[in-house]
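Hello,

Here is the structure I promised to pass on to you. Have a look at it first, and then read on for what turned up.

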Amino acid sequence: MSSLAGRVRDPVLPVGEVRVGGFGGLAGLREWLAGNDIEAIVDATHPFAGTMSAHAAAAAGDLGLPLLHLRRPGWPARTGDRWLRVPDLAAAAGAAADLGDRIFLTIGRQGVGAFAHLTRPWFLIRAIDPPTAALPPRHEILLARGPFTVAEELRLLAERHIDVLVTKDSGGELTEAKLTAARERAVPVVLVDRPPLPPGAPVADTVGAARDWLLAQAGSPDSSASSAGS
């Protein structure tokens with residue numbers, strides 16, 4: 001069974017049974033796991049959904065369930081990148097305002113409020129659904145769902161005269177084109193680091209490794225638990 005947070009209005013659904021929405025905090029998650037006879041948990045949430053990962057780890061510990069964190073690797077820096085890594089969105093807002101006047105935000109709709117107090121810069125805010133938080137006074141909303149090509153990202157940076165990109169280190173090829181475009185145009189990138197995972201559980205960086213871990217939990221002879229490193 002897959003569980004989606006319900007943050008996206010029209011999500012792309014995975015194969016199989018899907019539930020959508022929160023659990024009601026740690027207590028609700030623990031109750032749901034017990035009530036549905038769950039035998040193993042794969043925490044495959046977004047790398048920046050730290051609360052969900054923490055709740056999954058706590059519930060697994062309380063119920064004695066095996067837990068695996070599935071996280072794709074972050075983006076590696078390449079020659080020509082002008083990256084400034086910051087620990088959170090508040091730091092990103094301060095750094096971006098110091099770097100330029102036309103800022104491209106690709107941080108999802110929920111984090112935009114961290115930039116609302118900045119009155120001087122102009123912001124291009126790209127999101128799948130409209131932001132509901134407070135917005136900076138000078139902005140344009142661009143509703144779009146990726147993936148985007150490098151050519152599309154280059155054109156967007158040029159047409160909007162972007163001089164700073166702010167994004168989260170989500171990793172993955174589907175959203176990497178913006179970083180390639182920024183590199184080609186020598187645009188500095190403010191890159192928000194991921195929150196740390198809860199300690200103790202193994203971590204896999206591919207779906208294949210997660211599958212091998214699940215087979216190992218079921219005692220399958222053709223599985224290899226070593227595919228998921230800690």
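Helices (H or I, at least four residues) and strands (E, at least two) are taken as DSSP runs and numbered from the N terminus. Counted that way, the protein has 6 helices and 11 strands. Please keep in mind that this is a predicted model: local features need pLDDT of at least 70, side-chain atom pairs count only at pLDDT 80 or more, and totals for chains, interfaces and linings use all residues. Residues are numbered from 1 along each chain as its sequence is written, and side-chain values use heavy atoms, with hydrogens and water left out.

First, the overall picture. Along the principal axes, the C-alpha atoms fill a box of roughly 55 × 35 × 30 Å. Of the 230 residues, 37% are buried, where buried means under 20% relative accessible area, exposed means over 50%, and partly exposed lies in between (1.4 Å probe, protein chains only). Taking contacts (heavy atoms within 4.5 Å) between residues at least 6 apart in sequence, 60% join residues at least 24 apart.

Now to the sheet. Two strands are said to pair if DSSP finds at least two bridges between them. On that basis, 6 strands form an open sheet in the order 5-10-9-6-7-8, with parallel pairing. Its edges are strand 5 (83-86) and strand 8 (139-143), each of which pairs on one side only. From one strand to the next the twist averages 20°; for angles, axes are lines fitted to C-alpha atoms, for helices over the stretch in contact, and values run from 0 to 180 degrees between N-to-C directions.

Two helices pack on this sheet. Helix 4 (residues 150-159) touches strand 6 (102-106), strand 7 (122-127) and strand 8, and its direction makes about 155° with that of strand 7. Helix 5 (residues 177-184) touches strands 5, 6, 7, 9 and 10, and its direction makes about 155° with that of strand 9.

Strand 10 deserves a visit of its own. Strand 10 (residues 189-192) pairs in the parallel sense with strand 9 (residues 164-168) over 4 bridges, and strand 5 pairs with strand 10 in the parallel sense, also over 4 bridges. Leu191 has Thr167 as a bridge partner, and Arg85 stands opposite Leu191 as well. Val192, in turn, stands opposite Lys168. In a regular strand the side chains alternate between the two faces of the sheet. Both faces of strand 10 are covered: Val189 and Leu191 are buried on one side, Val190 and Val192 on the other.

Which residues does Phe48 touch, leaving aside its neighbours within four places in sequence? They are Lys168, Asp169, Ser170, Val192, Asp193, Arg194 and Pro195. Phe48 sits in the loop between strand 3 (41-43) and helix 2 (50-63), and counts as buried because its relative accessible area is 19%. The C-alpha atoms of Phe48 and Asp169 are separated by 8.7 Å, although the two residues are 121 apart along the chain.

A cavity here is a set of points on a 1 Å grid over the protein atoms alone where a 1.4 Å probe fits but cannot get out, and lining residues have an atom within 4 Å of a point. Grid points are joined across faces, edges and corners, and a volume is the space filled by probe spheres set on the points. The search of the whole structure finds 1 cavity of 30 Å³ or more, and about 40 Å³ of space lies in the largest cavity. Its lining is made up of Pro47, Gly50, Ser53, Arg71, Pro195, Pro196, Leu197 and Pro198. These divide into 5 nonpolar, 2 polar and 1 charged, with Ala, Val, Leu, Ile, Met, Phe, Trp, Tyr, Cys and Pro counted as nonpolar, Asp, Glu, Lys and Arg as charged, and the others, Gly among them, as polar.

Finally, some backbone details to check on your screen:

- The peptide bond from Gly146 to Pro147 is cis, with omega near 10°; Pro147 lies in the loop between strand 8 and helix 4.
- Asp37, in the loop between helix 1 (25-35) and strand 3, has a positive phi near 55° without being a glycine. Asp37 is exposed, at 64% relative accessibility.
- His161, in the loop between helix 4 and strand 9, also has a positive phi, of about 55°, and is not a glycine. His161 is exposed, with a relative accessible area of 55%.

Best wishes

Technical notes
1 Å grid on protein atoms, 1.4 Å probe; cavity = no way out; pocket = protein on both sides within 12 Å on 5 of 7 lines; lining within 4 Å.
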